[in-house]
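Student: Could you take a close look at one part of this structure with me? I'd like to start from a single pairing and then see how the surroundings connect to it.

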Amino acid sequence: MTDPLRSPGASALTEACRQRLRWRESAGLLRRAMVRERAQEGLPWVIDNGRKLLSFATNDYLGLAHDPRLAAAAATALERYGTSASAAGLLGGRTALHAELEARLADWLGQESALVLPSGYQANLAAQSFLGRRAIVLHDRLNHASLLAATVLARARARRYRHADPVHCAGLLAQPGVELIATESLFGMDGDTAPLTALAGLAAHRGLPLLVDEAHALGVLGPEGNGLAVTLPADLRPAIVVGTFGKALASQGACIAGPEAVIDFLRQAAAPAVYTTALAPAAVAATLKAIEVLREEPDRRSMLRQRVQQFVAAIAGHLPLTAQPEGAVIGLLVGEATRTVEISRRLAEAGFVVPAIRPPTVPEGSSRLRVSLTAAHTEAQVEALAAAIRACWPTAAVSPAMARGPQA
Ligand SMILES: Cc1ncc(COP(=O)(O)O)c(C=O)c1O
């Protein structure tokens, strides 16, 4: 029916969107945004329907988002450069801080050069801009949506190998036209790591570039919190590393790091990097400070590891994990979306935010709770969460193999 306050096109679109939303709701796929509260003791609290809940949904893995040193660095940059970069990087949006951060990142990530972008999603979109039309990119089955979107944007084709399975990847390499292998290093929804040495070996053998997205590993894994790509021998180093600043680095933005010519080319030619306002100087300054702090304070990483071990020990034998957690993320497999939402709702009643992750973020039948721990959570809080999860868990658990469903 035409709405007198809208044009016929807007009315039709509104109705189509309403129908889609209703379908999502009935399938248990509707997401609700909660409002974040001011942090206390560095911990993320969330207000939901007037109730204050402790969040286990944050990616601030090292508890740095309220660190006064990061805030002071951001404040100085705000004062000096204002609230916005005000232009694209190639049109005057860059500051001396952008150049300093790019040099720091290249060094930290063990690459020749780096390019800073406003978000990780954009960095991934930009990072595949060198692909030829109809090229094939081999993706891990569980790669982040932005890695796959980049292949679509480049008008290339994605072929997905079974999760963390280099043998399947090697099989797919036999087809003509493969130009890239892409993987996350630490998977953001399952919490396990990629078989990087094997994938790098395959790529090297075929003379192909390997792209590694370190979004969930940066700050958490690696000798200086600098991710997993640096742990490979020099002759197996991935050609392209993507790092994001919105997780353990407690800031905003992202980078692509790699050989100088590749980065120079992306800076000139990658549309998601060229046609966008440069990252705000305050975020650049906070990121620089975060790298300094986490280099100097390795205890944050060990504290996080302890919390993860504690949580896993508390639920071991009770609940199915998506994988053995290697970073801050622990996936607890439920299977069905509606059931996962129900457990998440009961946990909220008990005072905890633990998000239900459902398709299309994860494959059909593998809905799970995603617990992310941080160095700022206390031992007592982690224990309380584990007890609440055990109490809320349905009696008929789903086996991981069943729940993961058919792959590739
Ligand atoms: C693996 C991975 N890559 C990239 C991104 C995108 O990063 P950003 O949030 O900075 O856009 C995310 C964020 O969820 C991610 O998990």
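**A strand and its surroundings**

Tutor: Happy to! Let's begin with Glu184, which stands opposite Asp213 in β8. Before going further, please keep in mind that this is a predicted model, in which local features need pLDDT of at least 70 and side-chain atom pairs count only at pLDDT 80 or more, while totals for chains, interfaces and linings use all residues. Residues are numbered from 1 along each chain as its sequence is written.

Strand β7 covers residues 178-184. Helices (H or I, at least four residues) and strands (E, at least two) are DSSP runs, numbered from the N terminus. On one pairing, β7 and strand β8 (residues 210-213) run parallel and are joined by four bridges; two strands pair if DSSP finds at least two bridges between them. β7 also pairs with strand β5 (residues 136-140), again in the parallel sense and over four bridges, and here Ile136 has Val178 of β7 as its bridge partner. Five of the seven residues of β7 are buried, so this strand is largely enclosed by the rest of the structure. Buried means that 20 or more other C-beta atoms lie within 10 Å of a residue's own, exposed that 12 or fewer do, and partly exposed in between, with C-beta atoms placed from the backbone.

Now to the ligand. Its shell holds 13 residues, and Ser119, Gly120, His144, Gly188 and Ala215 are the closest; a residue is near a molecule if its C-beta atom, placed from the backbone, lies within 6 Å of it. Helix α4 (residues 120-127) gives the most to this shell, with three residues. Sorted by class, the shell has eight polar, three nonpolar and two charged residues. Here Ala, Val, Leu, Ile, Met, Phe, Trp, Tyr, Cys and Pro count as nonpolar, Asp, Glu, Lys and Arg as charged, and the others, Gly among them, as polar.

Next, the packing. The largest nonpolar core has 114 residues, of which Ala114, Cys255 and Ile256 touch the most other members; such a core is a set of buried Ala, Val, Leu, Ile, Met, Phe, Trp, Tyr and Cys residues joined through C-beta atoms within 7 Å. Helix α10 (residues 281-296) supplies the largest share, ten residues. Domain 1 (33-62 + 298-404) and domain 2 (68-296) both give residues to the core, so it lies between them. Those bounds come from an automatic or database domain assignment. Among the residues that Ile256 touches, leaving aside those up to four places away in sequence, are Ala114, Ala123, Ile240 and Leu266.

How do the domains meet? Their C-alpha centres lie 26 Å apart, and 21 residues of domain 1 are in contact with 18 residues of domain 2, where contact means C-beta atoms, placed from the backbone, within 7 Å. On the domain 1 side, α11 (299-315) and β11 (329-335) each supply at least two residues.

That brings us to β11, which belongs to an open, antiparallel sheet of three strands in the order β11-β14-β13. β11 and β13 (356-357) are the edge strands, each with a single partner, so one side of each is left without a neighbour in the sheet. Six bridges link β11 to strand β14 (residues 367-372), including Ile330 with Val371. Leu333 also sits in β11, and this residue is buried because 25 other C-beta atoms lie within 10 Å.

How values were computed
Two residues are in contact if their C-beta atoms, placed from the backbone, lie within 7 Å.
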